[in-house]
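Subject: Structure handover

Hello,

Here is the structure I promised to pass on.

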Amino acid sequence: MRLAFLIPIFAVYSFAQETATERDAASDVLKKMAALEKSLDVPGWVSRLSAADPARDQVTARARQLMDSELLAVGDDITRHPEIGFEEKRSVGILVDYLRRHNFDVTVGVANLPTAFVARFNGNRGAPSLGIIVEYDALRGTKGAFHGDQHSMQGPIGIAAAVAMAEWLERTHSPGSVVVFGCPGEEMMPPVAKTEMFNAGVFSSTDVIVRSHAVNSTNRPAPGFGTCCLNIDGVKYTFSGAPAHQMTPWAGRNALEGVIHLFNNIDAARTTMRPEARIQGVITEGGAAPNVVPDRTQADFYIRYPDAIYLAEVREAVDNAARAAALATGTKVKIDNYGRLRDGISEATLAEVGFAHMKRFGATHVAETPGKPQGYEETGSVSSAIPGLGFAAYTSNAPNHTYEMEADALSATGHQGFVVDAQAMTALLYDFATHPNYRGAVKREFDGIKALFGEYQEALTKAYTAPHVPDPR
Ligand SMILES: [Zn+2]
């Protein structure tokens, strides 16, 4: 554990910035963040909270027992009956039945999402409010839905921790609440489910949120702000034209030409764009017949950049490419920015303690160096507003989104890691519930990083300057 802290702390935090401009803009912020981290004495928290604690052992043993006796089997069942995003009716039914049998009050269908749910323990006693995000959607595959990302086990793992903590609250009359958030469709947008739920106030007044996710090495993020896979705008460009016979095309307007020009215009814009931009689109509608001038087409794009500030410029360039395409072809274009994924925040106070717990409970294939800073969920909406940790114990030999990872979910490899996740998650929630000073340290770290993230965004705004383009003479 301490090994990680021997790495120059500055190098660890630089990892979040992917371009020279970003590193420059972040240099002051990173110095302040290093000072903040030092003041938190994370290694001290790790050693204190890694010490023997018989009362906590009892609670984590209960989570383990629930996994071994019932919840691994529940997960296997969901793995064998995959349902894609927003259609997870059977999976949600199984999870909420289980929660109801364990004295949780469940509301299914929140934030206008029929397969989203909130389950509150009916013996809740105020703060701190411990939140657990669970997901259950399968991937869309060419052979049908499959659980190649092992979301099938997130519910059982989170529920084991939730029930163990709820029973402990009740037995000891301790202050605190347990809430399980069932979040659909992680692999799909629109809608961006967790953002919709966040905007509807579903997560409000939660003090900490945990979640688990399948991986092929046991790891945790470095503290800071960031995301796994760049900031993303999901945008649909819909062109409308006018239909006509192929023999009299001047009577029509060709929407397919609109969408083809869009792709070509984007390639032209790329020549003066920063190289880290990732713009990829597919044509989802391209017309119906070769003898009719296509009057409706659509392209769907994920537009990515390492930071949200320059991403806005990239977005504007792509939107303008679409407008220019419409102008050039006499068609019209509608622009629909249906989803945004942004940086989240990660805290070492939670990540390092959770990581120590995963190792204590026997996690294997351990990556000792902290990974890139990133939130515990991919939208950034929740993880930039509420502190938390995504547990990632080794559960597969295979990369994510593969048939091999689905097979591992049903094997001893997966099962062993899922039980580690459930126990480590329970232990961290217990630590958070029982140590007010620890909660204070987590909050101080989260608030500090959030403020520094704001400073970083401001510095970036100044760093990106556009050239002056004069009127032609
Ligand atoms: Zn996933």
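A salt bridge here is a side-chain nitrogen of Lys or Arg within 4 Å of a carboxyl oxygen of Asp or Glu. Keep in mind that this is a predicted model.

Salt bridges

How many salt bridges does a search of the whole structure find? The search returns 19. Three of these pairs are described below.

Start with Arg 211 and Glu 186. They form a salt bridge, with the closest N and O atoms 3.8 Å apart. The pair links distant parts of the chain. Arg 211 is in strand β5 (residues 208-212). Glu 186 is in the loop between β4 (177-183) and α8 (193-199). The two are 25 residues apart. Buried means under 20% relative accessible area. Arg 211 has 7% relative accessibility, so it counts as buried. Glu 186 has 16%, so it counts as buried too.

Next, Asp 233 and Arg 342. Their side chains meet in a salt bridge at 2.8 Å, N to O. Asp 233 lies in strand β7 (residues 231-240), and Arg 342 lies in the loop between β10 (332-341) and β11 (344-346), so the pair ties together parts that are 109 residues apart in sequence. Is Asp 233 buried or exposed? Asp 233 counts as buried, because its relative accessibility is 3%. Arg 342 is partly exposed, because its relative accessible area is 21% and the buried class stops under 20%.

Then Asp 319 and Arg 315. Their salt bridge has an N to O distance of 3.0 Å. Both residues lie in helix α10 (residues 308-329). They are four residues apart, about one turn of the helix. Asp 319 counts as buried at 8% relative accessibility. Arg 315 is buried as well, with a relative accessible area of 11%.

Some salt bridges share partners. These join Glu 135, Glu 186, Lys 194, Arg 211 and Glu 378 into one network.

The sheet

What is the strand order in the open sheet of six strands? The order is β1-β2-β4-β3-β5-β12, and the pairing is mixed. The edge strands are β1 (104-110) and β12 (388-391), each of which pairs on one side only. From one strand to the next, the twist averages 20 degrees.

Strand β3 (residues 129-135) and β5 run parallel, joined by three bridges. Ile 132 stands opposite Val 210 in β5.

Two helices to look at here are α11 and α13. Helix α11 (residues 348-360) packs on the sheet and touches β5 and β12. The direction of α11 makes about 30 degrees with that of β12. Helix α13 (residues 412-434) also packs on the sheet, touching β3, β5 and β12. The direction of α13 makes about 175 degrees with that of β5.

Helix α7

This is a check on helix geometry. Helix α7 (residues 154-172) has 19 residues, so at 1.5 Å a residue it should span 27 Å. The end C-alpha atoms of α7 are 27 Å apart, which agrees. The helix is mostly covered, with 15 of its 19 residues buried. Just after α7, His 173 takes a positive phi of about 50 degrees.

Best wishes

Methods. Residues numbered from 1 in each chain as written. Predicted model: local features only at pLDDT ≥ 70, side-chain atom pairs only at ≥ 80, totals over all residues. Heavy atoms only, no water. Expected span 1.5 Å × (residues − 1). Buried < 20%, exposed > 50% of the residue type's maximum accessible area, 1.4 Å probe, protein only. Pairing = 2+ DSSP bridges. Axes fitted to C-alpha atoms, helices over the stretch in contact; angles between N-to-C directions. Contact = heavy atoms within 4.5 Å.
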